[in-house]
Amino acid sequence: FKSGSLINSLIFLFFLSATLLLTELRPAFLKHDLIPAILIHTCLISFTVILAPTLIGHMGTIPFCIGIFVYLSLIALWLKIRKENISVKPQMIIATSLAVFFLGMYIFRIFPPVPLSLKKIGVYHKVEKVLMDDQTRYLTFSSSPWWEFWSDQSQPFEARPSDQVHVFTRIFAPGGFADTVYLEWWWKGAKGWMKTDRIPLTITGGRRDGFRGYAYKSNYDSGEWKVLITTSDGLEIGRTFFEIKKVSADHEVNLITHQF
């Protein structure tokens with residue numbers, strides 16, 4: 001649920017949920033040991049595709065394929081050792097099917113971008129990086145209606161002529177991890193969603209609350225916007241939607257400061 005946008009991960013989440021339900025219900029048409037075997041295989045392949053980019057230190061097609069290869073190698077070794085005690089063919093079918101399923105989700109960009117996960121994303125009028133008590137802090141300045149006491153973002157974004165639209169984010173990555181993610185800006189026009197910018201952001205791992213960074217945009221139109229955070233190979237980490245309303249230069253905007 002944390003790694004990747006829920007919209008893009010629905011197929012993967014549906015697969016996991018269906019497998020867990022089948023484990024509990026144990027329908028009569030399935031063999032008694034088939035579902036536990038699928039669960040064990042799913043746990044192992046999930047572990048290897050997370051472990052590979054974590055150890056290599058970045059994401060991409062090669063680390064993902066290495067994770068799949070390690071999984072298949074471990075299964076092949078296990079079957080070779082236990083071939084006299086288990087039925088090899090069903091295990092091979094499960095292993096091959098899962099490998100193809102995971103590769104297919106990766107190719108069509110619906111696989112969660114593990115080991116990265118989005119801790120926070122928000123839209124603000126201004127973001128400042130400051131040094132406080134020998135620690136780096138980020139100050140975000142937002143405006144929202146008084147009744148939206150739960151919000152710390154500028155929703156909707158009331159844009160005066162000189163205002164820049166800032167998107168601040170925190171992304172968790174394991175220690176030793178270094179990679180580039182992209183903030184994709186999309187505007188909804190008469191012909192649908194159109195991508196206007198793709199801004200790179202270099203992240204490093206190891207911080208418990210996630211790597212902090214931001215990007216801003218000076219040229220924009222009124223209307224509906226969304227910002228997608230994606231990996232270099234196109235997997236979506238998360239997204240945010242917001243509306244921009246252009247106002248006059250003398251329009252009063254009360255900014256509230258938050259610290260991260």
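User: Is Lys217 buried or exposed?
Analyst: Lys217 is buried, with a relative accessible area of 10%, where buried means under 20% relative accessible area, exposed over 50% and partly exposed in between, using a 1.4 Å probe and protein chains only. This is a predicted model, in which local features need pLDDT of at least 70 and side-chain atom pairs count only at pLDDT 80 or more, while totals for chains, interfaces and linings use all residues. Residues are numbered from 1 along each chain as its sequence is written, and side-chain values use heavy atoms, with hydrogens and water left out.

User: Which side chain does Lys217 meet in a salt bridge?
Analyst: Lys217 meets the side chain of Asp197, at 2.1 Å from N to O; a salt bridge here is a side-chain nitrogen of Lys or Arg within 4 Å of a carboxyl oxygen of Asp or Glu. Lys217 lies in strand β8 (residues 211-217) and Asp197 in strand β7, so the pair ties together parts that are 20 residues apart in sequence. Strands (E, at least two residues) are DSSP runs numbered from the N terminus, as are helices (H or I, at least four). Asp197 counts as partly exposed, at 27% relative accessibility.

User: How many salt bridges are in the whole structure?
Analyst: A search finds six, including one between the side chains of Glu184 and Arg198, at 3.3 Å from N to O. Glu184 belongs to strand β6 (residues 178-189) and Arg198 to strand β7 (residues 192-204), 14 residues apart. Glu184 is buried at 9% relative accessibility, whereas Arg198 is partly exposed at 38%.

User: And what about Arg208, buried or exposed?
Analyst: Arg208 is exposed, with a relative accessible area of 70%, and its side chain forms a salt bridge with that of Asp209 at 3.9 Å, N to O.
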